[in-house]
Amino acid sequence: MDEVMKKHKELGQTKTKPAGGELTCSVHFVKYSPGSSSEDELGSVTRLVSKAEDLELARVFKRQAADIAKSRSLFEFGHNFEDVRDWLTIEQPSKVCLKTVLRYMVENHLKTTVKIEINKMYFNCHLLVLQAYSKYFMELNPIPFVVTLPESKVSQKAFMLVYKWMLSDEPILERKDIVTVFVAATYLRVKELLLHCWKYFDDKNCFNEASACVMYVESRNNVALDVVRNLMLTRIQKFLLTFVATSDFLDLPHKHLVYLLSSDEICVNSEIEILFIAVRWLGHDWERRKANVQSLIDCIRFSSMPLWYLLCVRRVETHSLLKELLSLPTVDSLINQSIAQITSKMYEEKQEGFILDYDCITKNLQQSRRWIVDDACPYYHHICCPHTRDITFTQFESYLAALQQQSIDYWTKVDMLDVKNPRKCGCMQ
């Protein structure tokens with residue numbers, strides 16, 4: 001459509017409009033040699049004609065010298081049947097406007113000009129309609145009577161919805177169709193329809209948290225939706241743990257998992273869960289995914305874990321894969337560095353006269369993730385609680401199983417943690 005309007009604008013700048021803004025016809029005039037065959041062409045010219053009298057060749061080409069007849073015609077006497085008194089004051093009969101006629105023909109599929117074939121199903125269409133919106137059809141050359149489209153890119157249903165969108169003055173897209181329509185519009189390069197889809201994608205009221213995660217899963221394995229998937233991934237925050245509890249999470253691409261675990265916007269009960277999430281994903285296909293261990297370890301902020309957990313995890317944990325990761329030299333070093341960092345900070349606070357109640361530890365959390373307090377979490381403890389040393393991967397698996405049994409809106413009811421005044425667990429009350 002943009003290119004059509006652009007060409008129309010350019011034509012308007014180069015062609016002189018008829019006087020008074022009248023409608024015109026484009027006429028190609030050809031002058032032949034008198035008395036000869038039609039092949040003896042003397043000249044030709046194309047003009048925009050608005051009046052019937054302008055169709056006379058004499059008005060277009062210069063008159064040739066001719067013998068003056070001895071007898072004179074009525075016109076030569078001066079009679080002019082073209083000038084009739086009050087001609088223009090006569091009431092003219094009405095006619096249906098061209099726009100209405102064309103719309104009727106298009107909407108009722110009269111005199112269609114092209115067939116669109118998708119998996120042996122044929123759609124009778126007007127090529128001009130397709131060209132008005134689709135760059136694919138605008139650039140199609142030569143134009144066959146039957147155009148075959150790949151069903152993997154443009155399904156039969158998607159094409160019908162796209163064509164109906166083209167015919168409608170106020171089109172509406174339904175949520176259940178937006179993925180297939182977006183894929184088809186991408187292939188057919190329907191710019192305005194793609195913008196229509198993005199109107200919904202960009203709206204967080206339409207796609208956020210759970211709905212964004214559903215869209216992410218729905219659009220997997222489709223290259224045309226990669227940008228949409230990346231956007232939906234950024235909308236997953238409080239819904240993260242519910243997503244981790246599903247089988248869909250296990251098929252998450254490595255680069256997308258790295259993005260999630262590196263984000264400051266995801267919501268978890270404890271940084272320990274980030275370690276557990278990585279273990280769950282790695283354990284689903286260890287042989288193929290073990291090469292990604294280091295990139296996932298780099299996402300984990302060990303210094304945000306409870307001190308008691310760091311001190312005891314290498315001795316207490318029994319999960320075989322997690323024990324293997326904890327024994328890696330890089331992980332062992334990170335744990336030791338985090339212990340040293342936390343205890344050093346505690347010592348500095350004590351030297352400055354602050355009461356050693358571990359509140360200094362929570363200061364680091366303010367610059368880290370977004371924290372939640374889920375009552376369904378069996379291992380939730382205040383970060384300073386000594387019982388954090390008892391947290392295990394088995395408890396995490398039980399928590400994920402519990403999340404699968406919750407209502408679909410359960411995640412919306414989970415409270416956010418006030419880092420400046422964190423809620424204490426039952427052990428510390």
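Trainee: Which residues does asparagine 269 touch, not counting residues up to four places away in sequence?
Mentor: Asparagine 269 touches Leu241, Trp371, Ile372, Val373, Asp374, Cys377, Tyr380 and Tyr399. Contact means heavy atoms within 4.5 Å. This is a predicted model, where local features need pLDDT of at least 70 and side-chain atom pairs count only at pLDDT 80 or more, while totals for chains, interfaces and linings use all residues. Residues are numbered from 1 along each chain as its sequence is written, and side-chain values use heavy atoms, with hydrogens and water left out.

Trainee: Where is asparagine 269 in the chain?
Mentor: In the loop between β6 (267-268) and α14 (272-284). Helices (H or I, at least four residues) and strands (E, at least two) are DSSP runs, numbered from the N terminus.

Trainee: Is asparagine 269 buried or exposed?
Mentor: Buried, because its relative accessibility is 8%. Buried means under 20% relative accessible area, exposed over 50%, and partly exposed in between (1.4 Å probe, protein chains only).

Trainee: What does the side chain of asparagine 269 reach?
Mentor: The backbone nitrogen of aspartate 374, at 3.1 Å. A polar contact of 3.3 Å also joins the side chains of asparagine 269 and tyrosine 399. A polar contact is a pair of N or O atoms within 3.5 Å; within protein, one must be able to donate a hydrogen and the other to accept it, and residues adjacent in sequence count only if both atoms are side-chain atoms.

Trainee: New topic. What about lysine 238?
Mentor: Lysine 238 is buried yet has no salt bridge. The nearest side chain of opposite charge, aspartate 415, is 6.5 Å away. A salt bridge needs a side-chain nitrogen of Lys or Arg within 4 Å of a carboxyl oxygen of Asp or Glu. For charge, Lys and Arg count as positive and Asp and Glu as negative; His and the chain ends are not counted.

Trainee: And where does lysine 238 lie?
Mentor: In the loop between α11 and α12 (240-244). Leaving aside neighbours within four places in sequence, lysine 238 is in contact with Glu209, Cys267, Trp411, Thr412, Val414 and Met416.

Trainee: Which residues of helix α11 are buried?
Mentor: In α11 (residues 226-234), they are Val228, Arg229, Met232 and Leu233. Seen down the axis of α11, these fall within an arc of 140 degrees, so they line one face of the helix. The arc is that of the directions from the helix axis to the C-beta atoms.

Trainee: What does that buried set of α11 pack against?
Mentor: Against α8 (178-188), α9 (191-201), α10 (210-218) and α13 (254-262).
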